[in-house]
Number of protein chains: 2
Amino acid sequence: MPCAVNKEMSRQQMQQDVLRCSSACFPLRSSTECGSETSAHPEKHEPADLSRMASIVSFYVCYLLCLCLSLACVVCVCVWNSHWRGGFAWDGSVLQFNWHPVLMVTGLLVLYGNAAVLYRVPLTWGQNKRPWKLLHAALMLLALVLSIVGLCAVFNFHNAVNTPNLYSLHSWIGIAATALFALQWVLGLAVFLLPCPPASLRALLKPVHVWMGGSILWLCIAACISGINEKLFFVLKGGAAEAYASLPAEALLGNCLGVLIVAFGLVVLKILSNQNWQRPPDSRSEDLVYTPVLQEENE
Amino acid sequence: MPCAVNKEMSRQQMQQDVLRCSSACFPLRSSTECGSETSAHPEKHEPADLSRMASIVSFYVCYLLCLCLSLACVVCVCVWNSHWRGGFAWDGSVLQFNWHPVLMVTGLLVLYGNAAVLYRVPLTWGQNKRPWKLLHAALMLLALVLSIVGLCAVFNFHNAVNTPNLYSLHSWIGIAATALFALQWVLGLAVFLLPCPPASLRALLKPVHVWMGGSILWLCIAACISGINEKLFFVLKGGAAEAYASLPAEALLGNCLGVLIVAFGLVVLKILSNQNWQRPPDSRSEDLVYTPVLQEENE
């Protein structure tokens, strides 16, 4: 009797959805705003309140970890390139190359990851989605600009020292990640911000947008890991004490940066994949039908 | 009125669940087995039939792509190491090292990914889950054994030529992936196959098991990409025609192997993340309560 079993499970799902609704109201609304069931049977919602509180607390623990890892990644890559690699310049020398890891880690990884989890922050749930949409798009645009400047840094350096561009596997994965990110941003703008596309197309493309976002993040991580590994082999090939294999301080810092990057990626993907932390549907009609920002502003 | 909106959406979800139930029956059961609703109103299910067919066809297209990419990855890594790197041996020479990429790509990536998507194949849905559980565990064990032999190959080679082990970022990520995989396998055996743990613990740990599985796959991919990149820089540093930067045939093959590995990972993660392709709950009571294999066998 699979259908009977599924119907029973669906009823339970329905009850859970009602509880999730009250959960969605938690951060910024009082319980009386959440319909008659909440006010009529407050005692029934005590376990749901506890579960909701636990979910929100565990989200903020995860989010705090995400922010700490973001800071650690940026500090590590900056210290590595300023202290061990001689600092920064924009003159075609190796000091110009040093902008490449800093801008790619800061833009394509840290800013990108933080912009991706923006909608999951419960504090934003009770508010109009419009400014958060714009902030998401603006942070992503800033991440894209930083990544492009980071690519320019390495292309200029290669051209100045007559080294070919885009031959290593690291460069292939990195350029694919940046190109897909640019495509994702343009499609995101066209589908979710501009007024032209129908709501059905937006609803169809939203899961694709989310999935592509996660995949691009993993491509960035693979590019970062291979890039750090390659750079450490390039620069640490002197005497026994300086060689990569003897794990001097710079090698340890570079390896730790790689581990922090992977940990950051895992935390961001954990936040994105947890269904309990997804922004619930708003009471506002524009959110239910995915009305794009420009259309909302015109109305 | 957010609760009212959510309740309406929950009712729609309930209807969708009933349709998903009939979808789950499709591959191996007749419609009459699927409860009274299906037989009472067959005409209402025509759109669901079409949607179900489209979902199954798109799954098999994706699965075929997954199998083709699996074959392409294994062929590429074998051809690279047998034709360009001199073949295989187990004598402490560089020919022993050549087993490392072959076994890691075959075990930790291709076998692992294929074992992970096993439950998603619709042909298995109408059948008893027990043999598929055992096949999943057996394939994962084989993948783990191949990975450990692949690690032994590189450790033996390093020891024979007095090179330190586990200093590069590639090795840190790779050893972390293998250690997490071993932990995941042991925990999977203890929680999902042995009879001791309560059903509540299994239900609690199942999403963690699935999420950890996906994360381990991405760690493997990052390790593979950094390893191929590092190997190509190590071996292609001769004259201009042979250098990595001039992209000789071996460099192209290695880079293409990296691209195939990333494509394989994206397809596997796409299959794992699509909710429509998840194995639906079985009518058999042992599947609904996650009865472990050994307990099922004892009953």
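## A tour of rings, charges and a surface patch

Start in chain B: the charged end of K129(B) sits over the ring of Y119(B), at 5.2 Å from the ring centre. Keep in mind that this is a predicted model. Now select K129(A) and Y119(A). Here K129(A) lies over the face of Y119(A), 5.3 Å from the centre of the ring.

**Next stop: ring pairs**

Over all chains, the structure holds 21 aromatic pairs. Select W218(A) and W218(B) to see one of them. How are these two rings arranged, stacked or edge-to-face? They are stacked, with 5.5 Å from centre to centre and 0° between the planes. This pair crosses between chains. W218(A) belongs to helix α8 of chain A, residues 199-235, and W218(B) to helix α8 of chain B, residues 199-235.

Are these tryptophans buried or exposed? W218(A) has a relative accessible area of 4%, so it counts as buried. W218(B) is buried too, because its relative accessible area is 5%, and the cut-off for buried is under 20%.

Move on to F233(A) and Y244(A). Their rings form an edge-to-face pair, 4.8 Å centre to centre, with 70° between the planes. The pair links distant parts of the chain, 11 residues apart. F233(A) is in helix α8 of chain A, while Y244(A) is in the loop between α8 and α9 (249-273). Check how covered they are. F233(A) has 17% relative accessibility, so it is buried. Y244(A) is buried as well, with a relative accessible area of 1%.

**A group of rings**

**Out to the surface**

Stay in chain A and select L71(A), V75(A), V79(A) and W84(A). They form a nonpolar patch on the surface. Together they have about 350 Å² of accessible area. Zoom in on L71(A), which lies in helix α3, residues 46-84, of chain A. L71(A) counts as exposed because its relative accessible area is 59%, and exposed means over 50%.

**Last stop: chain B**

Find A179(B) in helix α7 of chain B, which spans residues 169-193. Is A179(B) buried, partly exposed or exposed? Its relative accessibility is 48%, so A179(B) counts as partly exposed. A179(B) and I216(B) are 37 residues apart along the chain, and their C-alpha atoms are separated by 9.6 Å.

Technical notes. Residues numbered from 1 in each chain as written. Chains lettered and ligands numbered in written order. Predicted model: local features only at pLDDT ≥ 70, side-chain atom pairs only at ≥ 80, totals over all residues. Heavy atoms only, no water. Helix = DSSP H or I, 4+ residues; strand = E, 2+ residues; numbered from the N terminus. Buried < 20%, exposed > 50% of the residue type's maximum accessible area, 1.4 Å probe, protein only. Phe/Tyr/Trp six-rings, centres within 6.5 Å; stacked < 30°, edge-to-face > 60°. Lys NZ or Arg CZ within 6 Å of the ring centre and 35° of its normal. Patch = residues over 30% accessible without salt bridge, like charges linked within 9 Å, V, L, I, M, F, W, Y side chains within 5 Å. Areas by Shrake-Rupley, 256 points an atom, 1.4 Å probe, with all protein chains shown as cover. Salt bridge = Lys/Arg side-chain N within 4 Å of Asp/Glu carboxyl O.
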